[in-house]
Amino acid sequence: MNEDQQLQMMQQMQDQQSAGPGPLFWIFYLAFIGVIVAGMWKTFVKAGQPGWAAIVPFYNIYVLTQIVGRPAWWVVLALLPCVNFIALFIISIDMAKSFGKGTGFGIGLALLGPVFYAILGFGDAQYQGPAAAGGGVSAA
């Protein structure tokens with residue numbers, strides 16, 4: 001392979017990289033986002049909240065705190081760097097318990113939210129009331 005061919009191949013590779021993701025990527029990406037929104041929407045509706053609240057930034061965290069029975073100031077905890085991981089894990093575990101699921105399911109909600117919210121929303125789980133109604137740590 002001579003220098004001209006190498007330069008031409010390098011130019012083609014740069015052109016492909018600068019073109020960005022193709023249409024197939026965008027189809028899968030939009031389908032993935034649709035599954036996430038649908039799962040959270042159905043979960044919110046099962047809990048007696050408006051489904052559209054799942055797609056409104058920051059407000060959806062507030063609604064999550066209401067569903068699980070945490071005070072509204074937990075929204076601040078969910079937005080603080082480093083603290084948010086712990087707060088969102090606790091909210092996820094409370095969410096699982098609010099639907100009659102265990103701690104393991106709550107950890108799944110925290111780590112693989114799109115899958116587990118779809119299971120909650122489209123599955124047979126029923127909302128049983130806020131797991132942390134007292135505002136404290138829920139009983140195991």
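**Figure 1. Asparagine 84 in helix α5 of the predicted model****.** Asparagine 84 has a relative accessible area of 19% and is buried, because buried means under 20% relative accessible area. In this predicted model, asparagine 84 belongs to helix α5. With residues up to four places away in sequence left out, the residues that asparagine 84 touches are Leu77, Ala78 and Leu79.

**Figure 2. Asparagine 60 in helix α3****.** Is asparagine 60 buried or exposed? Its relative accessible area is 16%, so asparagine 60 is buried. The residue sits in helix α3. Once neighbours within four places in sequence are set aside, asparagine 60 is in contact with Phe44, Ala53 and Ala54.

**Figure 3. The whole chain, with seven helices and zero strands****.** Along the sequence the elements run α-α-α-α-α-α-α. The radius of gyration of the chain is 21 Å, whereas the globule rule gives 14 Å for 140 residues; the value is well over the rule, so the chain is more spread out than a compact globule. The C-alpha trace spans about 75 × 30 × 25 Å along its principal axes. Buried residues make up 31% of the 140 residues of the chain. Among contacts in the chain with a separation of 6 or more, 49% are between residues 24 or more positions apart.

**Figure 4. Packing of α3 against α5****.** Two packed helices are described by the angle between their axes and the distance between the axes. For α3 and α5, the angle is about 50 degrees and the axes are 9 Å apart. The two helices, α3 and α5, are therefore oblique to each other: angles under 35 degrees count as roughly parallel and 65 to 115 as roughly perpendicular, and the rest between these ranges as oblique. The crossing in which α3 passes α5 is left-handed. On the α3 side the contact is made by Leu64, Thr65, Ile67 and Val68, and on the α5 side by Ile91, Asp94, Met95 and Ser98. Sorted by class, this contact of α3 with α5 has five nonpolar, two polar and one charged residues.

**Figure 5. Packing of α6 against α7****.** The axes of α6 and α7 cross at roughly 125 degrees and come within 6 Å. With this angle, α6 and α7 are therefore oblique to each other. Which residues meet in the contact of α6 and α7? From α6 there are Phe105, Gly108, Leu109 and Leu111; from α7 there are Gly113, Phe116, Tyr117, Ile119 and Leu120. By class, the contact of α6 with α7 has seven nonpolar and two polar residues, and no charged residues.

**Figure 6. Buried residues of helix α7 and what covers them****.** Helix α7 takes in residues 113-122. Its buried residues are Gly113, Phe116, Tyr117, Ala118, Leu120 and Gly121. Of these, Gly113, Phe116, Tyr117 and Leu120 also take part in the contact with α6. The cover over the buried residues of α7 includes α2 (23-46), α3 (59-68), α5 (83-98) and α6 (103-111).

**Figure 7. Phenylalanine 58 and cysteine 82, loop residues with positive phi****.** Phenylalanine 58 is located in the loop between α2 and α3. Phi of phenylalanine 58 is near 70 degrees, which is a positive value in a residue other than glycine. With a relative accessible area of 55%, phenylalanine 58 is exposed. Cysteine 82 is located in the loop between α4 and α5. Phi of cysteine 82 is near 75 degrees, again positive in a residue other than glycine. Cysteine 82 has 61% relative accessibility and therefore counts as exposed, since exposed means over 50%.

**Figure 8. Phenylalanine 25 and tryptophan 73, with C-alpha separations****.** Phenylalanine 25 is part of helix α2. At 42% relative accessibility, phenylalanine 25 counts as partly exposed. Phenylalanine 25 and proline 81 are 56 residues apart along the chain, and their C-alpha atoms are separated by 31 Å. Tryptophan 73 is in the loop between α3 and α4 (74-79). Tryptophan 73 has a relative accessible area of 53% and is exposed. Between the C-alpha atoms of tryptophan 73 and threonine 103, 30 residues apart along the chain, the separation is 23 Å.

Methods
Residues are numbered from 1 along each chain as its sequence is written. This is a predicted model: local features need pLDDT of at least 70, side-chain atom pairs count only at pLDDT 80 or more; totals for chains, interfaces and linings use all residues. Side-chain values use heavy atoms; hydrogens and water are left out. Buried means under 20% relative accessible area, exposed over 50%, partly exposed in between (1.4 Å probe, protein chains only). Helices (H or I, at least four residues) and strands (E, at least two) are DSSP runs, numbered from the N terminus. Contact means heavy atoms within 4.5 Å. Axes are lines fitted to C-alpha atoms, for helices over the stretch in contact, and angles run from 0 to 180 degrees between N-to-C directions. Angles under 35 degrees count as roughly parallel, over 145 as roughly antiparallel, 65 to 115 as roughly perpendicular and the rest as oblique. A crossing is left-handed if the near helix is turned anticlockwise from the far one by less than a right angle, and right-handed if clockwise. Ala, Val, Leu, Ile, Met, Phe, Trp, Tyr, Cys and Pro count as nonpolar, Asp, Glu, Lys and Arg as charged, and the others, Gly among them, as polar. The radius of gyration is taken over C-alpha atoms; the globule rule is 2.2 Å times the number of residues to the power 0.38.
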